[in-house]
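Thank you for making time for this.

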Amino acid sequence: MTTVEQDAKFHVLPFKTDFEGETDVETNFYSAIKESSASSSGEHGGALESFFRGRPLLGRDVYLDPSYAIALASFHHVGQKGEEEAGGTPSPPLGTGPMCADCVRVTATADRFTVWEHDRAPENTEHIAQWIQLANDIHA
């Protein structure tokens, strides 16, 4: 059985990378995150600063409604659950075989995530809470 990591760190970054190796995220990214100096003066209200490959980033934490969580999940095809853990081959791409609810494995969850932008503080992050409230109202 897979253990679910609680309070994982999720980030929405404004770029794409083709890097597929491993890196020390704590040293190369998290250690550089600090509260923005503009934030203390109220200019960006809770903004964060960091760097990725020497380029500056501005970020903001987005907190979800307590009844929601963000999750990292992987999907498996019917009949392949656990094969990858046992040294088998990974599942083929999604959409190429039958799927089921038992074929989803959640490995990490959190109640917030951080949105990053290159040259400005992220805007409109409060819209996420509004969309969640709208979904609750529609499905109530």
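Is Asp111 buried, partly exposed or exposed? At 35% relative accessibility, Asp111 counts as partly exposed, where buried means under 20% relative accessible area, exposed means over 50%, and partly exposed lies in between, computed with a 1.4 Å probe on protein chains only.

Before I go on, a word on how to read the values. This is a predicted model, so local features need pLDDT of at least 70 and side-chain atom pairs count only at pLDDT 80 or more, while totals for chains, interfaces and linings use all residues. Residues are numbered from 1 along each chain as its sequence is written, and side-chain values use heavy atoms, with hydrogens and water left out.

Let me stay with Asp111 for a moment. Asp111 forms a salt bridge with Arg112, with 2.9 Å between the closest N and O atoms; a salt bridge here is a side-chain nitrogen of Lys or Arg within 4 Å of a carboxyl oxygen of Asp or Glu. Arg112 is partly exposed too, with a relative accessible area of 35%. A search of the whole structure finds 3 salt bridges, including one between Lys34 and Glu49, whose closest N and O atoms are 4.0 Å apart. Because Lys34 lies in strand E2 and Glu49 in strand E3, that pair ties together parts that are 15 residues apart in sequence. Lys34 is partly exposed at 48%, and Glu49 is partly exposed at 21%.

Arg120 and Glu117 also form a salt bridge, with the closest N and O atoms 3.9 Å apart. Arg120 has 39% relative accessibility and counts as partly exposed, as does Glu117 at 21%. Glu117 lies in strand E7, and its C-alpha atom is separated by 9.0 Å from that of Phe15, 102 residues away along the chain. Setting aside residues up to four places away in sequence, Glu117 touches Pro14, Pro56, Leu57, Leu58 and Pro122, a contact being heavy atoms within 4.5 Å.

Now the overall fold. The secondary structure comes to 3 helices and 7 strands, which run β-α-β-α-β-β-β-β-β-α from the N terminus on; helices (H or I, at least four residues) and strands (E, at least two) are DSSP runs, numbered from the N terminus. Of the 140 residues, 23% count as buried. Among contacts between residues at least 6 apart in sequence, 63% join residues at least 24 apart.

Which residues make up the largest nonpolar core? There are 9 in all, namely Ala8, Phe10, Val62, Leu64, Ala108, Ala110, Phe113, Val115 and Ile132, and a nonpolar core is a set of buried Ala, Val, Leu, Ile, Met, Phe, Trp, Tyr and Cys residues joined through side-chain atoms within 4.5 Å. Strands E6 and E7 (112-117) each supply at least two residues of this core. A second, separate core of 5 residues includes Tyr30, Leu48, Leu57 and Trp116. In soluble globular proteins, nonpolar side chains tend to be buried together.

Trp116 brings us to the aromatic residues. The structure holds 3 aromatic pairs, where rings of Phe, Tyr and Trp (its six-membered ring) pair if their centres lie within 6.5 Å, and planes under 30 degrees apart count as stacked, over 60 as edge-to-face and the rest as tilted. Phe29 and Trp116 form an edge-to-face pair, at 5.6 Å centre to centre and 70 degrees between the planes. This pair links distant parts of the chain, with Phe29 in the loop between helix H1 (25-28) and strand E2 (34-35) and Trp116 in strand E7, 87 residues apart. Both Phe29 and Trp116 are buried, and together with Tyr30 they form one aromatic cluster.

Ser50, in strand E3 (residues 48-52), counts as buried at 1% relative accessibility. Leaving aside neighbours within four places in sequence, Ser50 is in contact with residues including Phe29, Leu57 and Trp116.

Val104 lies in strand E6 (residues 104-110) and counts as partly exposed at 35% relative accessibility. Apart from residues up to four places away in sequence, Val104 touches Ala73, Ser74 and Phe75. Phe75 lies in strand E5 (residues 70-75) and is partly exposed, with a relative accessible area of 40%.
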